Number of protein chains: 2
Amino acid sequence: MKHEITLQETQAIAIGAGILGTGGGGNTYLGRIRLEQELKQYKTPCHIIDAEDVPDDVLVCAVSTMGAPTVGIEKLARGTEVKDTVRALEEHLGQPFAALIIGEIGGSNALNPLIAGIQLGLPVVDGDGMGRAFPELQMDTFCIAGISPSPLALGDVHGNIVIFDNVESALRAEEFGRNLTIEMGGSAALVMPIMTGQEMKANIIRGTLSLAQAIGETVLDCRAHNRGPAAAVAKLGNGRVLFQGKITDVERRTTQGFARGRLKLAGFSDPDNMMEIVFQNENLVAWHNEQIVCTVPDLISIITLEEGEPVGTESLRYGLRVAVIGMPAPRELKTDAALKVVGPAAFGYPEIDFHPMNGNLL
Amino acid sequence: MKHEITLQETQAIAIGAGILGTGGGGNTYLGRIRLEQELKQYKTPCHIIDAEDVPDDVLVCAVSTMGAPTVGIEKLARGTEVKDTVRALEEHLGQPFAALIIGEIGGSNALNPLIAGIQLGLPVVDGDGMGRAFPELQMDTFCIAGISPSPLALGDVHGNIVIFDNVESALRAEEFGRNLTIEMGGSAALVMPIMTGQEMKANIIRGTLSLAQAIGETVLDCRAHNRGPAAAVAKLGNGRVLFQGKITDVERRTTQGFARGRLKLAGFSDPDNMMEIVFQNENLVAWHNEQIVCTVPDLISIITLEEGEPVGTESLRYGLRVAVIGMPAPRELKTDAALKVVGPAAFGYPEIDFHPMNGNLL
């Protein structure tokens with residue numbers, strides 16, 4: 001595939017990425033505005049390529065923003081953090097990158113690489129390392145496959161740039177990076193991991209940017225026809241609508257660099273019909289009347305009932321009328337090796353088994 | 001000066017550096033053992049040169065260990081942290097260093113550069129950036145002179161190496177570095193700042209390694225002649241003995257990466273004769289019967305009464321019989337610009353003026 005993203009497509013991508021964000025990955029409203037600004041300013045589209053278009057022996061890097069979604073909507077970006085951090089890492093390596101990889105397709109982390117791609121004049125690969133959003137950096141298919149997390153780089157809004165030249169493990173990279181991100185004010189550009197084209201192709205989840213766009217277009221189509229979009233979105237993701245109702249309680253705190261908490265929903269007609277969801281940046285486990293109906297790595301996405309607007313964990317509030325959609329994770333996240341890193345136990349729920357939904361996201 | 005440090009001199013340097021450490025800079029007992037091991041293993045002395053021996057246009061770097069002295073005696077070093085971190089920074093720059101600079105002459109930070117010098121085959125300059133020990137990294141003559149803190153590098157016992165490619169200020173470097181050091185387990189090798197030979201010569205406090213050795217030799221000489229060494233040490237440092245007595249109370253906690261606290265002493269014959277000292281890694285302010293008698297940047301050093309062994313803030317304990325020595329800081333620390341960074345106000349005592357002792361350390 002060769003595709004050029006234009007101004008007309010940003011809204012669909014932002015909506016779809018928001019839904020794949022399962023509550024996290026950063027608010028896409030601000031990301032979309034920034035992407036549109038770049039498209040206008042540079043008067044050049046963002047070039048999207050297929051993983052197969054990347055030669056085996058070039059270097060590519062995944063990019064994203066590290067931090068809590070609650071911080072992302074309060075603290076504005078300078079807009080060149082990702083670009084500057086990529087350039088610093090190229091200089092450190094003494095080698096250029098041939099393409100950018102979307103580290104995380106969920107939330108504004110789908111949009112940041114597109115912005116950086118325009119700024120750097122680099123193509124962006126259609127695919128990502130998560131097929132959704134996850135709160136911690138070791139939770140992607142590249143780290144799960146054992147690709148070295150270092151060297152990696154973090155950059156902040158003030159131009160501070162930190163290169164982790166050697167890190168003993170991806171988990172330590174997460175701990176160091178999280179700490180530094182907190183000190184940087186709660187959000188930072190992250191460039192990680194660096195891979196060859198071959199390593200990227202062996203591990204990337206393909207087509208997730210196209211999927212985000214398709215989901216967004218479905219939502220926009222439903223809006224145009226005054227239809228609630230939940231069922232159509234769920235179908236595109238091979239999933240189902242888990243619940244419809246209004247939010248009755250939200251408990252949320254930004255702690256240790258994450259937005260953590262729990263929310264409760266009640267059905268419209270039957271207030272005893274309840275759903276409860278816990279989250280760490282992203283929604284993790286959903287209980288329907290105290291029965292588990294969906295767990296990580298499967299996707300639990302909340303959208304507004306009529307408009308289909310994705311609701312991030314930073315935007316949850318009492319009274320919001322929403323649909324909760326469950327979608328099966330991409331197969332790459334459901335291997336034994338992957339479940340050790342992104343299954344319920346990895347998020348502090350060792351007593352909860354992963355009960356996979358049928359099918360796969362892609 | 002050209003000098004080669006041999007096994008016979010390590011004890012004197014360790015004692016003298018401990019005394020100049022004013023309570024911090026790391027326990028010199030472990031540092032001395034490690035230095036002796038390196039001297040034996042490499043069968044080569046450590047080459048000491050004068051600042052003037054360094055050409056203007058070469059690159060040099062200051063090295064030290066960041067962390068709390070309390071951690072330094074509990075967590076053993078791997079022994080190659082400084083070397084590995086220097087090498088990583090050389091590679092990042094694509095340029096070698098011509099000599100090592102002692103970042104901090106106080107405590108084991110005087111010995112770490114000697115060890116690294118042997119391992120790296122690099123000479124070490126007789127002098128340092130503090131003339132004593134200070135708790136924070138922006139508190140040296142190089143940062144005070146405005147030499148860029150970045151790029152700088154931190155390395156830990158597990159081989160994790162972090163390069164701060166760009167940092168907006170020395171204070172931010174301290175905040176980032178402190179945070180990361182805590183995450184690294186409370187101590188880390190620090191390589192910072194990088195300078196040209198010319199910049200180094202314009203700002204280094206000269207001869208402090210020789211001074212440390214001279215102080216240590218005086219202590220050893222007093223021991224050999226069964227004399228209490230306090231007066232002789234004070235004289236060498238152009239200072240005076242502030243107090244002799246025993247420790248009656250110690251309040252100490254390791255918090256935010258520092259050993260912080262307060263200690264009380266009482267005179268031997270007159271228990272109403274009291275001294276109180278507050279510290280943040282290093283001793284900061286001394287009150288004699290509620291009158292301030294010495295403040296940073298002047299040196300407040302505690303040594304055991306009979307042996308003249310320096311007592312670090314990590315080793316203070318009830319009942320210890322000690323002498324407290326006050327010594328005037330080097331003149332480089334008493335300029336208006338320097339006092340903003342290392343005067344009492346910089347340590348949270350805005351109400352205390354700096355009342356300089358007469359004279360200068362060197």
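Let's start with helix α7 of chain B, which covers residues 170–183. Its 14 residues should span 20 Å at 1.5 Å a residue, and the end C-alpha atoms are 20 Å apart, so the two values agree. The expected span here is 1.5 Å times one less than the number of residues. This is a predicted model, in which local features need pLDDT of at least 70 and side-chain atom pairs count only at pLDDT 80 or more, while totals for chains, interfaces and linings use all residues. Residues are numbered from 1 along each chain as its sequence is written, and chains are lettered from A and ligands numbered from 1 in the order in which they are written.

Helices (H or I, at least four residues) and strands (E, at least two) are DSSP runs, numbered from the N terminus. The buried residues of α7(B) include B:A170, B:A173, B:F176 and B:L180; buried means that 20 or more other C-beta atoms, placed from the backbone, lie within 10 Å of the residue's own. Just after α7(B), B:G185 has a positive phi of about 105 degrees.

Now turn to chain A. Here 7 strands make an open, antiparallel sheet in the order β14-β13-β12-β11-β10-β16-β15. At its edges, β14 (291–295) and β15 (299–304) each pair on one side only; pairing takes at least two DSSP bridges between two strands. Strands β10 (residues 240–255) and β11 (residues 258–266) of chain A are joined by 9 bridges in the antiparallel sense.

Finally, how do the chains relate? A rotation of 180 degrees with 0.1 Å of shift along its axis superposes chain B on chain A, with RMSD 0.0 Å, by least squares on the C-alpha atoms of residues with pLDDT of at least 70 in both. That is the relation of a two-fold axis. In chain B, the C-alpha of B:I163 is nearest the axis, 2.4 Å from it.

Key:
A residue is buried if 20 or more other C-beta atoms lie within 10 Å of its own, exposed if 12 or fewer, and partly exposed in between; C-beta atoms are placed from the backbone.
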